[in-house]
Structures are given as structure tokens and as C-alpha cells.
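Morning, everyone. I have one structure to show today, and I will keep it short.

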Amino acid sequence: MLYYLHELRDSLSVLNVFQYQTFRAAGACITAFLITLLLGNWVILKLTSLKLGQPVRTAEEVHKLAELHGNKGGTPTMGGILIVGSVVVSVALWARPDNPLIWMTMFVFVSLAVLGFFDDYAKVKRKNSAGVSARVKLITQLGVSIVGVLILYLHDDTAVYIRQFYVPFLKEPLLPDLGWFGLLLLPLVIIACSNAVNLTDGLDGLATGCTISVAMTYGIFAYAAGNAVASAYLKVPNNIHTGEVAIVCAALVGGGMGFLWYNCHPARVFMGDTGSLAIGGLLGAVAICCKQELVLVIVGGVFVAEAMSVILQVGSFKLRGKRIFKMAPLHHHFELLGWKESKVITRFWIVSIMFALAGLMTLKLR
């Protein structure tokens with residue numbers, strides 16, 4: 001919306017800055033941060049008054065974990081509405097509304113936030129950690145992801161671009177045209193990332209901090225892909241619309257920082273599935289828009305490790321009757337090893353930053 005102010009630059013020259021994506025990305029980041037920070041206390045009080053407290057696993061489920069986290073029972077959940085709301089408002093203000101990649105990312109983001117909201121509500125209503133059934137959740141994620149990818153498949157400016165499939169370290173696409181197979185492959189990126197972030201969201205500020213480093217990295221990817229000079233130099237796929245996705249990433253960084261103000265240990269509010277499912281889906285959608293889907297495995301290394309720990313744990317127990325980790329996801333394994341929650345969180349943040357830097361290095365290794 002504010003983008004169009006640059007058309008008034010003949011009357012007021014300073015308005016020319018609104019055409020620059022870097023300026024608008026910074027504006028989106030600050031706006032999302034301020035919205036989340038200023039509304040945080042009000043939202044927390046409102047969630048508390050509605051008795052939307054997070055159910056904690058009982059001692060019968062995991063005795064040691066119940067000891068560690070028993071005092072968190074009743075902490076308001078669904079705080080992800082702060083992040084979702086701040087990002088949507090910031091993107092509406094600072095991004096170009098005629099951009100198909102903005103439509104796609106916001107559709108996935110909001111749709112998965114709604115799914116997460118119903119999941120959180122079901123948990124609170126039943127007063128246990130079981131929410132929407134896994135089948136319903138997966139079917140909904142699949143439907144949302146397919147529609148999101150289809151938006152880009154059917155738009156003239158993105159149809160050819162989005163069908164390409166790149167791998168790190170190669171200058172040319174591995175597959176120049178995925179064809180309709182992309183409607184099966186690309187949604188998996190969104191679904192996998194959505195669930196991985198959801199699994200990571202188990203300690204105060206853990207998922208939020210990791211989200212910030214991943215979003216900052218993909219903001220750089222998006223800007224490079226949307227800039228003809230930068231994309232030619234770095235040998236990354238170029239599309240004129242992709243630069244606007246940097247504004248989405250910047251808004252997510254700002255919203256994440258504002259939310260971390262209240263979500264840091266000891267957390268006053270949890271994002272819940274309302275936030276984690278939506279954030280993961282958005283990061284997956286952004287990776288598709290940048291054509292950096294596989295690099296997400298590197299940049300989002302903490303999310304991948306958390307998800308893989310669950311897969312390996314379940315697989316090992318079913319096949320061998322033995323567990324690999326003391327508990328999955330991975331952050332609980334380290335807790336049960338004796339690490340303090342704050343130590344697990346901080347070290348995972350550090351690792352996430354290192355993964356993000358490793359992902360950025362792929363820009364030059366082509």
C-alpha cells in the first residue's frame with residue numbers, strides 16, 4: 001500500500017524511497033516489531049482472562065518432563081496470533097499488493113494459522129495435549145499447500161519460474177520444468193517445514209529464535225533473486241516479483257523479535273500451533289518463491305534435526321523396540337541429559353545461526 005507513495009515523488013521527493021524494497025523491508029520489520037511489542041501485554045491478558053492456558057503433559061505421560069515443565073501449566077497459548085497479525089498488517093502496508101508471491105505466502109500463512117488455532121482450541125477445551133487429529137491436520141496442510149502452489153502455477157508471471165527445480169552448488173536448474181509433478185513435490189516443502197517448526201516449539205523462545213535466523217537468511221535470498229544484477233552475479237534464479245518476498249521475511253523477523261520479548265524464558269505466552277504451523281508453512285512457501293527449497297534443509301538445520309529425531313525415534317522403537325534418544329523431539333533429549341532449559345535454547349539458537357551462515361555460503365558455491 002505504502003509502495004504507491006513513490007508516485008507522488010514529484011510533489012515531495014523524499015517519497016521516492018518507498019519504491020525501494022530495502023527501505024520497505026526495514027519498515028515492515030520495525031512495524032511488525034512495534035505491533036507485537038505494543039499489543040503483547042493486552043493479548044496476554046486477554047488470553048489469560050479467556051483461560052486459554054497451555055496444557056502440559058502429565059506425569060503419567062513423561063514423569064521427568066512433567067517435573068521440568070509442570071510450572072508452565074496455564075501459561076496462555078495461541079500467542080501466535082500476535083506474530084500472524086503483525087506480519088499480515090506489515091505486509092499489507094509495505095509490500096506491493098499486486099504481487100502473486102505475496103498472495104501465495106499470505107494465503108499459506110493465514111490458512112495454517114487458522115488450522116493451528118483450531119488445534120490449540122481443541123487442546124485447551126480437552127485440557128490435554130491432543131488437539132486436531134493428525135489425519136485432519138495433514139489433509140488440511142496438503143490442501144492449503146496445493147492451492148498455494150497452484151496460485152503460482154496459474155499466474156502468467158510466475159508459471160515458468162516456479163516450475164524450475166534447483167539444487168545447491170549448480171548454476172543451472174536440475175529440472176527446467178517440474179510440470180504438474182510440482183503440485184506434489186512443492187507442497188511437501190510447505191508441509192514438512194510447517195510440522196518441523198511445530199515440533200521445535202517445545203521450549204521458551206526456541207522456535208521463535210530459530211525462526212528469526214532462518215527468516216533473515218531467506219530475506220537475503222529473496223532480495224538477491226529479485227534483483228537482476230545480484231541474481232546474475234550469484235547465479236541464482238531471477239524473477240522480478242521475488243524481491244517483494246524479502247518484505248515478508250523482514251516482517252516475520254520483526255514479529256518474531258517482538259514476540260520473543262514475551263516468549264523468552266520464562267515465557268509469559270506460548271505461540272502454540274497457531275504460530276508454529278503458520279510460521280513453518282510460511283518459511284516453506286518463501287523457500288519455494290526463492291527457488292531455494294533444498295537449501296532450507298541447511299538454513300533450517302535445527303528444524304530438520306528436531307523433525308528427524310522424532311522420525312528416527314519412532315522408527316527405531318517400532319523396528320527394534322529401542323529408543324535412540326531419551327526423548328524426542330531433540331530438545332527434550334538434552335533436557336533429560338541434565339541441560340537447563342535456558343542452556344538448550346541458547347545453544348540451539350547458536351547452532352541455528354551457524355546453519356543460516358552455512359546456507360548463505362551456498363550463494364557463492366555454484
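This is a predicted model: local features need pLDDT of at least 70, side-chain atom pairs count only at pLDDT 80 or more; totals for chains, interfaces and linings use all residues.

Start with the surface. Which residues make the nonpolar surface patch? They are Ile-81, Val-88, Val-110, Val-114, Phe-117, Phe-118 and Tyr-121, and together they give a patch of about 580 Å². Two elements each give two or more residues to this patch: α3, residues 80-94, and α4, residues 100-126. Helix α4 provides the largest share, with five residues.

Phe-117 sits in helix α4. Its relative accessibility is 35%, so Phe-117 is classed as partly exposed.

Next, the helix pair. Helix α5 covers residues 134-153 and helix α11 covers residues 272-290; the two pack at an angle of about 35°, and their axes are 12 Å apart. On the α5 side, the contact is made by Lys-137, Gln-141, Val-149 and Leu-152. On the α11 side, the contact residues are Asp-273, Leu-277, Ile-288 and Cys-289. As for handedness, α5 and α11 cross in the right-handed sense.

Two of those contact residues carry us to the next topic. Lys-137 and Asp-273 form a salt bridge, and their closest N and O atoms are 3.8 Å apart. This pair joins distant parts of the chain, with Lys-137 in helix α5 and Asp-273 in helix α11, 136 residues apart. In general, side chains of opposite charge can pair when their charged atoms come close.

Are these two partners buried or exposed? Lys-137 has a relative accessible area of 14%, and because buried means under 20%, Lys-137 counts as buried. Asp-273 is at 5% relative accessibility, so Asp-273 is buried as well.

The pair also belongs to a network: salt bridges link Asp-119, Lys-123, Lys-137 and Asp-273.

How many salt bridges does a search of the whole structure find? The count is seven. I will pick out two others.

One is between Glu-293 and Lys-291, whose side chains meet at 2.6 Å, N to O. Glu-293 has a relative accessible area of 5%, so Glu-293 is buried. Lys-291 is buried too, because its relative accessible area is 1%.

The other is between Arg-96 and Asp-98, with an N to O distance of 2.9 Å. Here the side chains are not under the cover we just saw. Arg-96 is partly exposed, at a relative accessible area of 26%. Asp-98 is also partly exposed, at 35%.

Where is Ile-212 found? Ile-212 is in helix α8, which runs over residues 206-226. With a relative accessible area of 10%, Ile-212 falls in the buried class.

What does Ile-212 touch, leaving out residues up to four places away in sequence? The list is Val-253, Gly-256, Met-257 and Leu-260. There is also a distance to Trp-349: the C-alpha atoms of Ile-212 and Trp-349 are separated by 9.5 Å, and the two residues are 137 apart along the chain.

To recap the item to look at on the screen: Lys-137 and Asp-273 are among the residues that make the contact between α5 and α11, and they also form a salt bridge. That is what I have for today.

Methods. Residues are numbered from 1 along each chain as its sequence is written. Side-chain values use heavy atoms; hydrogens and water are left out. Patches are made of residues with over 30% relative accessible area and no salt bridge: like charges are joined within 9 Å, nonpolar side chains (Val, Leu, Ile, Met, Phe, Trp, Tyr) within 5 Å. Accessible areas come from the Shrake-Rupley method with a 1.4 Å probe; for residues, only the protein chains shown count as cover. A salt bridge is a side-chain nitrogen of Lys or Arg within 4 Å of a carboxyl oxygen of Asp or Glu. Helices (H or I, at least four residues) and strands (E, at least two) are DSSP runs, numbered from the N terminus. Buried means under 20% relative accessible area, exposed over 50%, partly exposed in between (1.4 Å probe, protein chains only). Axes are lines fitted to C-alpha atoms, for helices over the stretch in contact, and angles run from 0 to 180 degrees between N-to-C directions. A crossing is left-handed if the near helix is turned anticlockwise from the far one by less than a right angle, and right-handed if clockwise. Contact means heavy atoms within 4.5 Å.
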